[in-house]
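Hi there,

Here is the structure I promised to pass on to you.

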Amino acid sequence: MESNFKFRISNLNVYWGKVQALRSISIDIPANRILGIIGPSGSGKTLFLRSLNRMNDLAPEISVEGRILLDDEDIYHPHVDPVKLRKRVGMVFALPVPLPASIYDNVIFSPSLFNIRNRKKLDHLVETSLTSAFLWDEVKDRLKTSAMRLSGGQQQRLCLARVLAMEPEVILLDEPCSGLDPISTAAIERALSNLKQNFTIILVTNNTKQAARVADNTAFFLMSEMVEYGPTDQIFTMPRDGRTNDYVTGRFG
Amino acid sequence: MTVHPRYTQIVAVSVLTLLTVSTLAVLVFIIVFVFGKGLPYVSFDFLFTNPKDMGKFGGILPTLIGTVTLPLIAIGIATPLGVGTAVYLTEYTRESRMTRIIRFGADCLAGIPSIIFGLFGFIFFVTTLRMGWSIISGSLTLVFMILPTIIRTSEEAIKSVPYLYREVSFSLGATQWQTVRRVVLPNALPGIVTGIMLSIGRSIGETAAIIFTAGSSLRMPHSIFDSVRTMSVHFYILAREGISNQNAYATAAVLIISILTINLISYWMMNMFIAKKTR
């Protein structure tokens, strides 16, 4: 049972300056599943996500308390190198942010940091990553063109491929489809459903229906607290908390 | 009473056009004037022979050498120093009293008249360090003069790189230095190059600080410890002492052509670089 959890989080408190932005969150996140996190803006979803790969370290005004275990290892332990942690826990941001370089160079950004120079290996990595992100067929003939020339939806899939090429264990997605058309959104959702065989996926989304479509488990965040967490079916059909019910049925949010 | 937006629009466009045209006109007038008086005397011989009789006759070869070497050495030293400082200030420190003091210092340094730098260079490099009037004394003095420009323009260029690029880089497992080297600096490069160009221009045009530190010898320098005369200084002396108006203007014409060439080449290189990334 224990080894099936990728993340085990207990009593997580996050402060933004003096304001408490997350209140005693405890959640065990199963491996090789998609966890959907839903909730209105400002409920702390993004902050929660960024605690998991220590991106919050970059903002000095944010402080994190509590325990986050990744494979039974405390990721906030002083001996843990956040750079190595981020290689294990990849992240796709809300806005597609391709770096101003070619499609190919974007995908190999992370591998090249770790001195993988073997051309064959890189070529292979680029092809498999782009294929998994459902982008390969659209760009295979123009890998050397600038990533800035792709459409928004393609750029976001490129960002997913770029994370896949890092070969992480966990993929965090922070509202990855917020600015995308339905077709690109569907492509990303399909990609995620395939990817959970090999990765643990945590998907923050403003789109409640998206969580219902792809997530195995769903957590509902509201005003710095996690109101409810359970299998997606249960959250959407018979939530235990009235506030969850109101949110998923669209009464507010 | 209100004026119809269509008329204010027309007035705005014409005023702005007029301002732009007059700015350009001043530039064109200066260039045409100097070229008209100087270009007829510029020839292969003028560029590549030694001057005779204090520059009344002959060419400007040693001053050409001086004009190339002084700024080149100065830029070679000031660029790593300045860009390094800018990276440190923007990427490795948080805004604090210390960074504000450094920035304030750089701004003050930028406002000091060049003759003060000349005096400082003369006392410090030429006499105290016994470097004499030499290329090295002149270059080091120029370094102090252009350092603030390079620091501040690089800083602005680095700050203009979107913060999201850094976040992406960190999230993909990059260290601070990898982020600086692979994401920040390449994207800040056009701005950094602009700062370097401004500095080259300032170095080439400098006279006061250079007469004090590199001297004004018309002999061909054999090492960086020899005194040298730059084209700007040569022009100043030729005109000031009334040695030769013809050669003065010819030198000025060469000076302007050199600066135009340097600017054109650097713009071309920059465009190539940007085109490569966004093709």
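Predicted model: local features only at pLDDT ≥ 70, side-chain atom pairs only at ≥ 80, totals over all residues.

Let me begin with the two chains. On the chain A side, 23 residues are in contact with 17 residues of chain B. Helix H2 (82–88), strand S6 (89–92) and helix H4 (109–113) of chain A are the elements that each give two or more residues to that side. By type, the chain A residues touching chain B divide into 15 nonpolar, 5 polar and 3 charged.

Next, a helix pair in chain B. Helix H5 (residues 114–128) of chain B packs against helix H6 (residues 135–159) of chain B at an angle of about 135°, and their axes are 9 Å apart. That angle makes H5(B) oblique to H6(B), and their crossing is right-handed. From H5(B), the residues involved are Ser114(B), Phe117(B), Gly118(B), Gly121(B), Phe125(B) and Val126(B), which meet Ser137(B), Leu140(B), Thr141(B), Phe144(B) and Met145(B) of H6(B). This contact is made up of 6 nonpolar and 5 polar residues, with no charged ones.

Met197(B) counts as partly exposed because it has 19 C-beta neighbours inside 10 Å, and a residue needs 20 or more to be buried. Leaving aside residues up to four places away in sequence, Met197(B) touches Asn263(B) and Ser266(B). Ser266(B) is 69 residues from Met197(B) along the chain, yet their C-alpha atoms are separated by 7.7 Å.

Enjoy exploring it!

Best wishes

Methods:
Residues numbered from 1 in each chain as written. Chains lettered and ligands numbered in written order. Contact = placed C-beta atoms within 7 Å. Helix = DSSP H or I, 4+ residues; strand = E, 2+ residues; numbered from the N terminus. Nonpolar A, V, L, I, M, F, W, Y, C, P; charged D, E, K, R; others polar. Axes fitted to C-alpha atoms, helices over the stretch in contact; angles between N-to-C directions. Parallel < 35°, antiparallel > 145°, perpendicular 65-115°, else oblique. Left-handed = near helix turned anticlockwise from the far one by under 90°. Buried ≥ 20, exposed ≤ 12 C-beta atoms within 10 Å, placed from the backbone.
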